[in-house]
Amino acid sequence: MKVAVLNYTGSVGKTVVASHLLAPRMNGAQIFAVESTNETGADLGLEVDQLRGEHFGRLFRELLTRDDAIVDVGASNIEDFLNHMMRYEGAHEEMSCFVLPVINTGKAQRETIKTVAALAELGVDPDRVRILFNRVESSVEDEFPSILAYAAKTGEVQANPKAAVYENEVFELLADLRTTLADVLADQTDYRALLKAADRSDHARISQLSNRHALRALAQPVDRQMNAAFAALFA
């Protein structure tokens with residue numbers, strides 16, 4: 001599966017979606033970051049091939065040789081990305097899906113609708129355009145009425161309310177530590193045992209170990225929720 005993650009607006013969690021939701025569930029898919037200014041998966045320690053929107057030709061040739069790939073398109077590069085995609089006949093068909101993360105601000109919802117319309121103009125089948133509701137506080141239906149109404153009215157995008165990632169401090173902690181949810185969960189270190197054995201006067205060591213244990217405790221339920229979101233997104 002090859003997935004493009006994009007939106008005309010920034011700060012909606014595209015890199016979080018690419019790095020924490022998609023990458024661990026897509027057979028080790030290579031991430032291509034079409035970005036020039038903001039954070040990418042490389043900042044979290046992932047192997048990322050970084051390029052700009054005008055380099056679409058190189059990206060297109062790379063995609064032709066791969067079964068699985070994630071294309072994380074930054075807001076500063078989406079115009080170039082889509083414009084260059086138009087130059088290659090049927091290029092959008094190389095992507096299995098276009099995933100549009102959106103948060104619950106009015107601007108983000110308006111820009112997401114603009115992104116959906118741009119993809120429709122390119123001829124992308126509506127079934128391949130999927131909304132990912134991000135940073136949900138409590139209810140998708142209450143927080144994203146514009147997106148849900150647009151999807152129901154136009155049929156240009158799939159908007160499954162169950163395809164949702166909920167607000168959680170774990171993502172900020174992961175960014176601070178420059179690591180991923182998958183890496184935290186793969187760490188088999190017994191931090192509780194290390195805490196018991198640690199010198200109580202070594203406050204830095206105590207803080208480091210307790211933070212790592214707390215992070216894993218946070219990560220486990222978030223990972224289960226991510227599994228449900230991934231299943232709903234591609235249902």
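Guide: What follows is a talk about some helices, their packing and a few single residues.

Visitor: What kind of model is this, and how are residues numbered?

Guide: This is a predicted model, in which local features need pLDDT of at least 70 and side-chain atom pairs count only at pLDDT 80 or more, while totals for chains, interfaces and linings use all residues. Residues are numbered from 1 along each chain as its sequence is written, and side-chain values use heavy atoms, with hydrogens and water left out.

Visitor: Okay, at what angle do α3 and α4 pack?

Guide: Helix α3 (residues 78-86) and helix α4 (residues 106-122) pack at about 10 degrees, and their axes lie 11 Å apart. That angle makes α3 roughly parallel to α4, a term for angles under 35 degrees, with over 145 called roughly antiparallel, 65 to 115 roughly perpendicular and the rest oblique. Axes are lines fitted to C-alpha atoms, for helices over the stretch in contact, and the angles run from 0 to 180 degrees between N-to-C directions. Helices here are DSSP runs of H or I with at least four residues, and strands are runs of E with at least two, numbered from the N terminus.

Visitor: And which residues meet there?

Guide: From α3, Ile78, Leu82, Met85 and Met86 meet Thr115, Ala118, Leu119 and Leu122 of α4, where contact means heavy atoms within 4.5 Å. By class, the residues of this contact are seven nonpolar, one polar and no charged; Ala, Val, Leu, Ile, Met, Phe, Trp, Tyr, Cys and Pro count as nonpolar, Asp, Glu, Lys and Arg as charged, and the others, Gly among them, as polar.

Visitor: What about Lys107, what does its side chain touch?

Guide: Lys107 is found in helix α4, and its side chain makes a polar contact with the side chain of Thr9 at 3.0 Å. A polar contact is a pair of N or O atoms within 3.5 Å; within protein, one must be able to donate a hydrogen and the other to accept it, and residues adjacent in sequence count only if both atoms are side-chain atoms. Lys107 is partly exposed, with a relative accessible area of 48%; buried means under 20%, exposed over 50% and partly exposed in between, using a 1.4 Å probe and protein chains only.

Visitor: Switching to α7: which of its residues are buried?

Guide: In helix α7 (residues 170-177) the buried residues are Val170, Phe171 and Leu174. They cover an arc of only 100 degrees around the axis, so they sit on the same side of α7, the arc being that of the directions from the helix axis to the C-beta atoms. Exposed Glu172 and Asp176 are carried on the face turned away from that buried side.

Visitor: What do those buried ones pack against?

Guide: The buried residues of α7 pack against α1 (14-22), β7 (164-166), α8 (181-186) and α10 (203-233).

Visitor: How do α1 and α10 sit relative to each other?

Guide: α1 and α10 pack at about 105 degrees, with their axes 10 Å apart, and they are therefore roughly perpendicular to each other. In that contact His20, Leu21 and Leu22 of α1 meet Met226, Ala229, Phe230 and Leu233 of α10, which gives six nonpolar, one polar and no charged residues.

Visitor: Last one: is Val157 buried or exposed?

Guide: Val157 is buried, with a relative accessible area of 5%, and its place is in the loop between α6 (145-154) and β7.
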